[in-house]
Amino acid sequence: PSVPRHTNRLINEKSPYLLQHAHNPVDWYPWGQEAFDKAKKENKLIFLSVGYSTCHWCHVMEEESFKNKEIGEIMNKNFVCIKVDREERPDVDKVYMTFVQATSGGGGWPMSVWLTPDLKPFVGGTYFPPEDAVHRIGFRTVLLRIAEQWKENKDALLENSQKILEALLHRSEICVRGQESPPPSKEVMATCFQQLSSSYDEDYGGFSESPKFPTPVNLNFLFTYWALHRTTAEGARALQMALHTLKMMAHGGIHDHIGQGFHRYSTDQHWHIPHFEKMLYDQGQLAAMYSRAFQISGDEFFADVAQDILLYVSRDLSDQAGGFYSAEDADSYPSITSEEKREGAFCVWAAEEIRALLPDPVEGATEGTTLGDVFMHHYGVKEMGNVSPMKDPHQELKGKNVLIVRSSPELTAARFGLEPGRLGALLRECRRRLSTARAQRPRPHLDTKMLAAWNGLMISGFAQAGAALAEQQYVSRAVQAAAFLRRHLFDPTSGRLLRSCYRGKDNTVEQSAVPIQGFLEDYVFVIQALFDLYEASLEQGWLEWALQLQHMQDKLFWDPKGFAYFSSEAGDPSLLLRLKGDQDGAEPTANSVTVTNLLRAACYSGHMEWVEKAGQILAAFSERLQKIPITLPEMARATAVFHHTLKQVVICGDPQGEDTKEMLRSIHSIFSPNKVLMLADGDGTGFLYRQLPFLASLERKDGKATAYICSNFTCSLPITSPQELRGMLCP
């Protein structure tokens, strides 16, 4: 590689996204005091660009504009330019995205915002092409016009930015308005179910025409709705919607049939042509959803998909120290000699490549059938490629195939005169060969930043799969990752979480010079992970840490006036707004998950003020939950958990005893959304016995492992039969 012509301050950062821009001719600054001081001192506007390392349009804008020397000169002369990785600083991203959405009606990344020297936004957008086109104004023109305005109309601009800020403050406030009680759970659940049901795609599953996102929050809601309405027609429909969606996604091109794991989202209605980046938060949530689908249906198909996701994460997104990396990019070089990257290049196939890899005749099949024929039929491969030009605006996928299961195993077998039992092994061999061939291609960029929040979601995925599939190795992987968080993303002296750490040289784990402190979502997803991990491993240390973190979360983020939690801490002068997320999207919003966390925390500690807090959050979001719960399905789900009161399922027994293990297996084999599990091992000095005095009164009946189902710390009669326990948990 040649010596780079330009190097800016981003060279000293740890974020892979910022490092990607360290050699632009733009004089980029990271978000921080040095840039703010320069803007004030030189009385210059700030140009803020926010993106992330696996964002396709971020790469495009960099190639077209930020690598252009002339545009770089205009930027450097007129603005102080700041680059932010939204995954490192979701707080900064959210403030300015709120502005862009309010003023332009849309949002997305790369986000481009112009700020006054005191950080108030006045103009913003997303991607700009470099030069003017018929329907779009070019980035160069925008830069020159804004610089001109600042020269000519500075006072009007400043005044306007103040008005905008006041409007944003007013718009984004979420608090309890007069009425102090949570909304009625029954109505919220019914409305959310109706709204999901009417947006559901009967043919292909999912909840929109296109683009189609995996939205695990919707599936989680539907599973809970089913569990509370098992015997009704609506309950049956809820389950059918969730299982059909999961099945169609697993068959689709959004699922990587050769390399495992799931891509970000599908650009079409059929889950066929994805945006190819793979995000850790999707893998974590989907592993949990497929495990849950298996728990409920008993269908091994779902267990296989969960295992496929966890194989991908263990192999490709795992740091040797135990943490999980953030993402894999969509774009890569088609071959070692290629000059430019293409989206999906690592994952797509030409028909002749597949024929060359799979030429073997298939014994016992129709005369002349090769492995290639069987594979191409099953996975919808066409000679000229199977991607419609409409879905490929840049012609990056011309002549290529995105694999999608187009036929049932029975039909594929019948088509070639094969015994149905043989097909699985044949297809496995085909996939193995394609996987070996694919390993020769240049890999896409890996974002090796490790985030507390996303690691939390992935720990939950491993822990829940480990419990539901009875796979101890997954629980061990979750334990390893939780130990990693404790070692690298937690400061024991302050008791606080950190947001991020990084893979350094020689595979060591590095931290920034000034570590980024954890945000609300880091606490919430890590606490959820620790509860899930306790239920899977029954190691009380995780429980103790979860409750400590919950106290810290209350201290740093709780809004005592308007209720619910702010997304970021007070006291950062560079943040204009303290916001509360109000939408469950690709990830659930933190306040939604924290409601269930608080209820679980109360069950494990006896601190009833946590139940009160959960109710206050629901009250703060009451209006939205009653009108458009489809925007908050995870919080809508939590209204039911709040309303039905969590059942404490206590097993009194020896953790190593076979009878105890059998009881635990029977609990893990069923989906019951309103229970918490605890093991009373008889050690009165242990953490749980100190927290919950009532446990001391529960004993083993006839020396056998005994279960009690308790509600508000009052318990049922003792149960010693696993079958009877199952019956009590499955109403």
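Which strands do three bridges join, and in which sense do these strands run? The points below take up this pairing and other features of the model, which is predicted.

1. **Strands E13, E16 and E17.** Strand E13 (residues 449-451) and strand E16 (residues 500-503) run antiparallel and are joined by three bridges. Within this pairing, Lys449 has Tyr502 of E16 as its bridge partner. E16 also pairs with strand E17 (residues 509-510), in the antiparallel sense and over two bridges; here Arg503 is opposite Val509 of E17. Five residues lie between the strands in the hairpin of E16 and E17, and Asp506 in this hairpin has a positive phi near 55°.

2. **Domain division and annotation.** The protein is divided into domain 1 (10-172), domain 2 (347-440) and domain 3 (648-729). Between the C-alpha centres of domain 1 and domain 3 the distance is 56 Å. An unreviewed UniProt entry places the feature "domain: Spermatogenesis-associated protein 20-like TRX" at residues 7-168.

3. **The hairpin of E4 and E5.** Strand E4 (residues 111-115) runs antiparallel to strand E5 (residues 121-125), and four bridges join them. Trp114 stands opposite Val123 of E5. The hairpin has five residues between its strands, and Leu119 adopts a positive phi near 75°. In the loop between helix H5 (90-104) and E4 lies Pro110, and the peptide bond from Trp109 to Pro110 is cis, with omega near 0°.

4. **Other backbone features in loops.** A cis peptide bond also runs from Ser210 to Pro211, with omega near -5°. Pro211 is placed in the loop between helix H8 (185-199) and helix H9 (216-228). Gln260, a residue other than glycine, has a positive phi near 65°. The loop that holds Gln260 lies between helix H10 (233-251) and strand E6 (265-266).

5. **Packing of H14 and H16.** How are these two helices oriented where they pack? Helix H14 (residues 371-378) and helix H16 (residues 420-438) meet at an angle of about 95°, and their axes are 10 Å apart. H14 is therefore roughly perpendicular to H16, since angles of 65 to 115 degrees count as such. H14 contributes Leu371, Val374, Phe375 and His378 to the contact, while H16 contributes Leu423, Leu426, Leu427, Cys430, Arg431, Arg433 and Leu434. By class, the residues of this contact are eight nonpolar, one polar and two charged.

6. **The four-stranded sheet.** Four strands form an open sheet in the order E19-E18-E20-E21, and their pairing is mixed. Why is one side of E19 and of E21 left without a neighbour in the sheet? Strand E19 (675-680) and strand E21 (714-715) stand at the edges and each has a single partner strand, so one side of each lacks a neighbour there. Six bridges link strand E18 (residues 647-652) with E19 in the parallel sense, and Val649 is opposite Leu677 of E19. Helix H27 (residues 722-729) packs on the sheet and touches both E18 and strand E20 (706-711). The direction of H27 makes about 15° with that of E20.

Key. Residues are numbered from 1 along each chain as its sequence is written. This is a predicted model: local features need pLDDT of at least 70, side-chain atom pairs count only at pLDDT 80 or more; totals for chains, interfaces and linings use all residues. Side-chain values use heavy atoms; hydrogens and water are left out. UniProt positions are given in the numbering used here, feature names are shortened, and annotations may be inferred rather than shown by experiment. Domain bounds come from an automatic or database domain assignment. Two strands pair if DSSP finds at least two bridges between them. Contact means heavy atoms within 4.5 Å. Axes are lines fitted to C-alpha atoms, for helices over the stretch in contact, and angles run from 0 to 180 degrees between N-to-C directions. Angles under 35 degrees count as roughly parallel, over 145 as roughly antiparallel, 65 to 115 as roughly perpendicular and the rest as oblique. Ala, Val, Leu, Ile, Met, Phe, Trp, Tyr, Cys and Pro count as nonpolar, Asp, Glu, Lys and Arg as charged, and the others, Gly among them, as polar.
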